[in-house]
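Try each task on your own before reading its solution.

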Amino acid sequence: MKFDVLTLFPEMFDNLNKSILGRAIEKDLININLINIRDFSKDKHKKVDDTPYGGGAGMVIRPDVVYDAYNSVKDKNAKVIYMSPQGKVLDQEKVESLSKEQHLIILCGHYEGIDQRVIDEIAPEEISIGNYVLTGGEIPAMVLIDSVSRYVDGVLNKESTSEESFCNNLLEYPQYTRPEVFNNREVPDILKSGHHENIRKWRRAESLKNTYVKRPELLNYAQLSDEDVKFLKECQKS
Ligand code: 21W
């Protein structure tokens, strides 16, 4: 999967080559290509913005500079995304569908704003990462790259993406490792019993309980068995 990122702050992406994503880059499973929009300025001072028509405070990024940066990576098979507070909020379903793409071109928004004409010209899909204000689209772009990369074949071991939170709309069960006793807190006996069917049932119950307590609205979307529903009714009583 190839990601082309159009940004005024390419250095912000320096830390993506760590951990799991770093390994995915090394193994050539993903390729992150950073394009500095400023490199496409024709101005002798590398200026990319100008005062807004109609007046008002601040500056606006020029459309021609962004368009030239875009044309340097343009590919008719690529999906173009504009990280913008006006976009639809990213969710796990969207992440999974984007992971099926071969090539994503990501334009990072900016607090100054980008001239609307280049947005209309490129007609990207607008995506936000949540209802709060950030200083730019760079962190959102990293959130998108990180979440999408996890679904690219070979980046994670298979089970990790199918069993986890949000894909089935249930929160995860709690996990434990050594030591057996930590600050007087013991690992639940059942996990040491070796009885796999009981462990599976316990984990399912913990998962349901966790969801009921922390994110009850998710239960409306979860796939629940008759046994799950019965268990949740008992939860409700107590
Ligand atoms: C902050 C961009 C404020 C635009 C009149 C017209 C990308 C983001 C961003 C930012 C403004 C995302 C203006 C969640 C976010 C992002 C920076 C408004 C001023 N005045 N998801 N335009 N939150 N944020 N511009 O902030 O670029 S995805």
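## Domains

**Exercise 1.** Find how far apart the centres of domain 1 and domain 2 lie, and state the bounds of each domain.

*Solution.* Keep in mind that this is a predicted model. Start with the separation: taken over C-alpha atoms, the centres of domain 1 and domain 2 are 38 Å apart. Next come the bounds: domain 1 covers 2-156, and domain 2 covers 163-237.

**Exercise 2.** Which residues touch the most other members of the largest nonpolar core, and which elements supply at least two residues each?

*Solution.* Begin with the residues: this core has 28 of them, and Phe3, Ile30, Met83, Leu104, Ile106, Leu144 and Ile145 touch the most other members. Then turn to the elements: strands S1 (2-7), S5 (79-89) and S6 (103-108), together with helices H1 (19-26), H3 (92-98) and H5, each supply at least two residues. Of these, H5 gives the most, with five residues. Now zoom in on Ile145: leaving out residues up to four places away in sequence, Ile145 touches Phe3, Val5, Leu16, Leu21, Ile32 and Ile106. Finally, look for another core apart from this one: that core has 20 residues, including Ile61, Val66, Tyr70 and Ile105.

Conventions. Residues are numbered from 1 along each chain as its sequence is written. This is a predicted model: local features need pLDDT of at least 70, side-chain atom pairs count only at pLDDT 80 or more; totals for chains, interfaces and linings use all residues. Side-chain values use heavy atoms; hydrogens and water are left out. Domain bounds come from an automatic or database domain assignment. A nonpolar core is a set of buried Ala, Val, Leu, Ile, Met, Phe, Trp, Tyr and Cys residues joined through side-chain atoms within 4.5 Å. Buried means under 20% relative accessible area, exposed over 50%, partly exposed in between (1.4 Å probe, protein chains only). Helices (H or I, at least four residues) and strands (E, at least two) are DSSP runs, numbered from the N terminus. Contact means heavy atoms within 4.5 Å.
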